[in-house]
Amino acid sequence: MAKINGNEIKPGFVLEHDGGLWAAVKVNHVKPGKGGAFAQVELKNLRDGRKLNERFRSEDKVDQVQLEFKDQQFLYETDGKLVFMDSETFEQTELDADLLGDRRPFLQDGMIAAVEYYGDEALSVRIPQKVVCKVVETEPVLNGQTAAKSFKPAILDNGVRVMIPPFVGQDEDIVVNTELFEYSERA
């Protein structure tokens, strides 16, 4: 772990602070008229999601943590646990399904995901930003609806509801943005 000064903290840095792992979300450098400068930092706990606002003076020393990303292949789900296999060592790892949050429906068999590790502890799972899904249910197009930019609701093969353009029909493959939960393009 590297020690850094409080004024060197930038968004995205992971710090060990008050016995926990925290990611810097927002950093605002303040130079008051009286007294020394400080950094007002909004931190998010990587283990439980709590938020914290903390002030770090330039002379404060903080531990910056380096996290390791490993590409792992998703195999299957069992009892709320996701089983991943390391692409290099072929070692299988069980991770809690809560690490994916609301992006869980987009995880597909055989998908390569980036798992973020601190030592041996998995902190988060990142899936690809764009995923191909099949439209299983949508409304038919009505004549005259294509003049203005309009969208219609659709249900995908993973149960997620998204808005799609009127020219996309049932049983078509589309590309969905997993961060914004919206239609991206035809597959």
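Visitor: Which residue does R57 meet in a salt bridge?
Guide: The partner is E59. In this predicted model, the N to O distance between the two side chains is 2.7 Å.

Visitor: Why can two side chains pair like that?
Guide: Side chains of opposite charge can pair when their charged atoms come close.

Visitor: Which residues are linked in a network with R57?
Guide: R57, E59 and D60 are linked in a network of salt bridges.

Visitor: Where do R104 and E77 sit?
Guide: They lie in distant parts of the chain, 27 residues apart. R104 is in the loop between strand 9 and strand 10 (112-118), and E77 is in strand 7 (residues 68-78). E77 is partly exposed, with a relative accessible area of 39%.

Visitor: What about E172, which residue does its side chain meet?
Guide: E172 meets R186 in a salt bridge of 3.2 Å, N to O. That pair also links distant parts of the chain, 14 residues apart. E172 is in the loop between strand 14 (161-164) and strand 15 (173-177), while R186 belongs to strand 16 (residues 182-186).

Visitor: How accessible are those two?
Guide: Both count as partly exposed: E172 has a relative accessible area of 25%, and R186 has 43%.

Visitor: How many bridges pair strand 8 with strand 9?
Guide: Five, in the antiparallel sense, with strand 8 covering residues 81-86. As one example, M85 has Q92 in strand 9 as its bridge partner.

Visitor: What holds paired strands together in general?
Guide: Strands of a sheet pair through backbone hydrogen bonds, either parallel or antiparallel.

Visitor: What does UniProt list for residues 69-123?
Guide: An unreviewed UniProt entry lists that span as "domain: Translation elongation factor P/YeiP central". In the model, residues 69-123 are 0% helix and 56% strand, and the end C-alpha atoms lie 10 Å apart.

Visitor: Back to the earlier part of the chain. Is strand 4 mostly covered or mostly open?
Guide: Strand 4 (residues 38-45) is mostly covered, with six of its eight residues buried.

Visitor: Which strands does strand 4 pair with?
Guide: Strand 3 (residues 20-30) pairs with strand 4 over eight bridges, in the antiparallel sense. Among the bridge partners are V27 and V41. Strand 5 (residues 51-57) pairs with strand 4 over seven bridges, also antiparallel. There, K44 has K51 as its bridge partner.

Visitor: What do strand 4 and strand 5 form?
Guide: They form a hairpin with five residues between them. In the turn, G49 has a positive phi of about 85°.

Visitor: Last one: where is D63, and what does its side chain join?
Guide: D63 is in strand 6 (residues 61-64). A polar contact of 3.2 Å joins its side chain to that of K3. Leaving aside neighbours within four places in sequence, D63 is in contact with residues including M1, A2 and V14.

Technical notes
Residues are numbered from 1 along each chain as its sequence is written. This is a predicted model: local features need pLDDT of at least 70, side-chain atom pairs count only at pLDDT 80 or more; totals for chains, interfaces and linings use all residues. Side-chain values use heavy atoms; hydrogens and water are left out. Two strands pair if DSSP finds at least two bridges between them. Helices (H or I, at least four residues) and strands (E, at least two) are DSSP runs, numbered from the N terminus. A salt bridge is a side-chain nitrogen of Lys or Arg within 4 Å of a carboxyl oxygen of Asp or Glu. Buried means under 20% relative accessible area, exposed over 50%, partly exposed in between (1.4 Å probe, protein chains only). UniProt positions are given in the numbering used here, feature names are shortened, and annotations may be inferred rather than shown by experiment. A polar contact is a pair of N or O atoms within 3.5 Å; within protein, one must be able to donate a hydrogen and the other to accept it, and residues adjacent in sequence count only if both atoms are side-chain atoms. Contact means heavy atoms within 4.5 Å.
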